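Here are my notes on this model, point by point. Have it open beside you as you read.

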Amino acid sequence: MIAVIALGLTLTAQTQRKTTPTPPAKPPATHNEDPQLYRNAIFGFRYQIPYGWVDRTKEMQEGNEAGKAEVLLATFERPPQATGDTINSAVVIASESTASYPGLKAAEDFLGPLTELATSNGFKPEGEPYPLEVESRHLLRADFTKLLSVKTTNDKLTMRQCTLVLLAKGNIVSFTFIAGNEDELDDLMDGLHFVAAKSSPR
């Protein structure tokens, strides 16, 4: 399962003092192409990547299981290996075949495996999962939190994770957002947009 595949990478750099320089500003994109915009025509969505973030999609795709699971986008506020004294915000979008979960017919059926994986990584459920409609798409939202210790100051940081689950075209599409507070989480989620779903030929 790769719904919260970002956890291993983000946790490696959460508890040390920040030493990396601020990434240089990227040149503005032309009106014809935006390098910060990820588009997915298969599932009909796009995601506006924050400027200055690092793309680790290719590295995380190396663990993809052919025909079953795929990392579509994995982007981080700073390189996962870089040290820092703040939460390394991240966005990971992945898809998995529903065939991997016999009997799965609705997004709610994915809650068990998702919660099990999150709790095995030290997260705790935050409130009850609930249905969410985003631009006419019906998703399920599940939130989790995890306390982290900063070694240099003994302070506590709260890592917040929100995962949106969408069932589409025989796949589970998971949109996982990781941030240090609710405002940052909301900002990251605001980058997700859906296009009108195309009707399938009968």
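1. Let's start with T163, which counts as buried because its relative accessibility is 0%. For the wording: buried means under 20% relative accessible area, exposed over 50%, and partly exposed in between (1.4 Å probe, protein chains only). T163 sits in strand β9, residues 156-168. Helices (H or I, at least four residues) and strands (E, at least two) are DSSP runs, numbered from the N terminus.

2. Some housekeeping before going on. This is a predicted model, where local features need pLDDT of at least 70 and side-chain atom pairs count only at pLDDT 80 or more, while totals for chains, interfaces and linings use all residues. Residues are numbered from 1 along each chain as its sequence is written, and side-chain values use heavy atoms, with hydrogens and water left out.

3. How many salt bridges does the structure hold? There are two, a salt bridge being a side-chain nitrogen of Lys or Arg within 4 Å of a carboxyl oxygen of Asp or Glu. One joins the side chains of R141 and D143, at 2.8 Å from N to O. R141 is buried because its relative accessible area is 10%, and D143 also counts as buried, at 14%.

4. The other pair is E182 with R160, whose closest N and O atoms are 3.5 Å apart. This pair links distant parts of the chain, 22 residues apart: E182 belongs to helix α4 and R160 to strand β9. E182 itself counts as partly exposed, with 35% relative accessibility.

5. Staying with α4, which of its residues are buried? They are L185, L188 and M189. Viewed down the axis of α4, the buried residues fall within an arc of 95 degrees, so they line one face of the helix; the arc is that of the directions from the helix axis to the C-beta atoms. On the face turned away from that buried side, α4 carries the exposed residues D183 and D187.

6. Last, the backbone. Most residues other than glycine have a negative phi. E135, however, has a positive phi near 50 degrees; it lies in the loop between β7 (130-134) and β8 (137-149) and is partly exposed, with a relative accessible area of 38%. For K169, phi is positive too, near 55 degrees. K169 lies in the loop between β9 and β10 (171-179) and is exposed, with a relative accessible area of 60%.
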